[in-house]
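Please examine the structure shown below together with this report.

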Amino acid sequence: MSTAVDTRPVHDEAEDEQILDAIRKWLERDVKPHVLELEHKDEYPQKMVEQMMELGLFGASISADYGGLGLSATTYAKIVTTISEVWMSLTGIFNSHLIMAAAVQRFGTEEQKRKWLPKFATGEIRGGLALTEPDCGTDLQAIRTRAVRQGDHYVINGTKTWISNGIKGSCYALLVKTDPEAQPRHKGMSMFLAPKGPGFRVSRKLEKLGYKGIDSAELIFEDYKVPAENLIGGVEGRGFHNAVGGLELGRINVAARGVGIANAALKESVAYSQIRKTMGKPICQHQAIQLKLGDMATRCEAARLLVEQAARAYDKGERCDMEAGMAKLFASEAAVENSMEAMRIHGGYGYSKEFNIERYYRDAPLMCIGEGTNEMQRIIIARQLVERNPV
Amino acid sequence: MKIMVPIKRVVDYNVKIRVKADGTGVDLNNVKMSMNPFDEIAVEEAIRLKEAGSATEIVAVSIGPQQAQETIRTALAMGADRGILIKTDTDAEPLTVAKLLKALCAEEKPGLVILGKQAIDNDCNQTGQMLAALLQWPQGTFASKLALSSGKLAVTREVDGGLQTVELNLPAIVTTDLRLNEPRYASLPNIMKAKKKPIDEKTPEALGIDTAPRLKTLKVVEPPKRQSGVKVKTVGELVDKLRNEVGII
Ligand SMILES: Cc1cc2nc3c(=O)[nH]c(=O)nc-3n(C[C@H](O)[C@H](O)[C@H](O)COP(=O)(O)OP(=O)(O)OC[C@H]3O[C@@H](n4cnc5c(N)ncnc54)[C@H](O)[C@@H]3O)c2cc1C
């Protein structure tokens, strides 16, 4: 029944290294020196966004047929990890944008792909994914935003919240109900490409613990008219399928961010513990600190391997909902634990806003919530285990 | 005008190198390799000359093992047009490199060769000068600024005590200093496009150059560990230590 077309590219190690090298140079030169300031001012990194456009990141996973780079999930995950080691927030700016693009690429009509993807790929049009509503996130089928067809348009009313890139973006993959009475509920759901215009406004910027710099917003739709040609796939009732179809990749991405934060916390701890001395020796020679470093490093490796495994399965077109769930669960918890341990290792400096550690500590928990909470991941894993191992 | 840019694959500048236990050299196992930073500056300068309309083609050349091809790919992704790999597994000495490049210049006939002033692995600082001597071309070493006008190249050089500007007739040899420019990083689309740019492979034998080393490395050792300093309370104490303990005044 699905119109999904997956062009999943092969992936090439030497090319990965070149790509990561270019990204590391950018991070070193143009990102690292500015992170603390932008983070603490909660300022949108406009210049870095322009550099990300030049780098080609907004088209990273969009197929080369539509002007993107067509990178594999494996390569893409490495990029996300590398950037998250420096400033996780940046990855959100192109990540939810690419999930919107993936919805068009996998489920859109050929006409929609040709119209939208090249502009998404250059970053000329940037945006994100608008699923969550004030009273439902996990239970997406309970959404209330409503689209009613009127001639060659749909008229949309409702509220979305927590939408990443909500202020700075200009177009969103918007999940709505086209038939609120449908049973099962998901059959009444549809997804639209919703560019900003009359009837579509940002009501407020949401303040948050971490994930600074990137804008999270509440979006309000009041008699917002969208052309019927913006209905992804051209057929009503596939919205839920479109939304969950991107979840595996979304989970791999969030997991990759978790690996980045966990790695950063480890690297800074390894360095700091060699410099900081107490009782006449560097603290890395105290067993209490060694126990932490040992666990932190092991978590990083395990998380990275889980992400790689899920990404590889995804690239091969294999089923990977359980694998992506495990990667997401483990890597996000690794980020939380490592950032906490890094704070302990850094003592008072870990709590200081002049260091990066407190940022990792504030950013990490988001990885446990976004793209399906970790509670849901555990449930998915357990259900899969039972399904794949019937007695 | 065609610009030739020789580039060397070296241990990445971020890597803390280790000497092999048997003292025969530096341990290269699992060590990240990159383009010599001075050569990146050379590539960047060539690209800028091309962007300014002063050059028509940039040829990146590397002498080394098969993996040096990856270093050439980086230059191609930055903006060089094509690559030449002179394949050799012996660690070519500066004179050998200069001879190979001379032979290549005879084939390629570049109007300008831009090299790094030195490679960060052995810090020789010889190849550019040797190449200029072999070709009998003018040279502008340690360049911090290049200006090309009416067929002449003005090279501002960083010398002890200041800057010196020399004017060179072309073809010429330039070696880059750190302040010449800030090299760009390749964009991802350009990395993908670079895969389609051609890289020719040649051998030293085909160019008629003997690569056998003339120097023999006897031993490689780590520099002595720096001792931590001492704090002195007065100038008098400092002078006393310098005179009586260190013995330098
Ligand atoms: C910074 C940030 C950025 C975000 N960006 C976006 C975005 O760009 N687009 C977008 O659409 N959304 C976005 N979100 C929303 C995010 O996806 C949701 O917050 C998330 O899905 C959880 O939904 P909820 O907040 O409604 O929590 P709820 O669904 O209300 O969950 C509350 C708790 O109940 C648990 N729970 C729920 N259902 C079950 C169940 N069946 N069994 C067991 N436990 C359950 C959950 O695990 C959780 O612990 C963002 C959120 C944040 C914080």
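Predicted model: local features only at pLDDT ≥ 70, side-chain atom pairs only at ≥ 80, totals over all residues.

Helix H10 of chain A spans residues 357-369. Its buried residues are Ile357(A), Glu358(A), Arg359(A), Tyr360(A), Arg362(A), Asp363(A), Ala364(A), Met367(A) and Cys368(A). The elements that cover these buried residues include helix H2 (35-41), helix H4 (73-107), helix H7 (247-275), helix H9 (321-346) and H11 of chain A. Just after H10(A), Glu371(A) adopts a positive phi of about 55°.

## A buried arginine

Arg359(A), a residue of H10, is buried but forms no salt bridge. Glu39(A) carries the nearest side chain of opposite charge, at 4.4 Å; a salt bridge would require a side-chain nitrogen within 4 Å of a carboxyl oxygen. Apart from neighbours within four places in sequence, Arg359(A) is in contact with Val35(A), Glu39(A), Val86(A) and Trp87(A).

## The ligand site

There are 18 residues around the ligand, of which Leu129(A), Thr132(A), Thr138(A), Trp162(A) and Thr373(A) come nearest. Strand E1 (127-130), strand E3 (153-164), H10 and helix H11 (374-388) of chain A each contribute at least two residues to the shell.

A polar side-chain atom of Ser164(A) is placed 2.9 Å from a ligand nitrogen atom. Of the 980 Å² of accessible area that the ligand has on its own, the protein covers 63%.

Technical notes. Residues numbered from 1 in each chain as written. Chains lettered and ligands numbered in written order. Heavy atoms only, no water. Helix = DSSP H or I, 4+ residues; strand = E, 2+ residues; numbered from the N terminus. Buried < 20%, exposed > 50% of the residue type's maximum accessible area, 1.4 Å probe, protein only. Lys, Arg positive; Asp, Glu negative; His and termini not counted. Contact = heavy atoms within 4.5 Å. Near = heavy atom within 4 Å. Polar contact = N/O pair within 3.5 Å; in protein donor to acceptor, adjacent residues only side chain to side chain. Areas by Shrake-Rupley, 256 points an atom, 1.4 Å probe, with all protein chains shown as cover.
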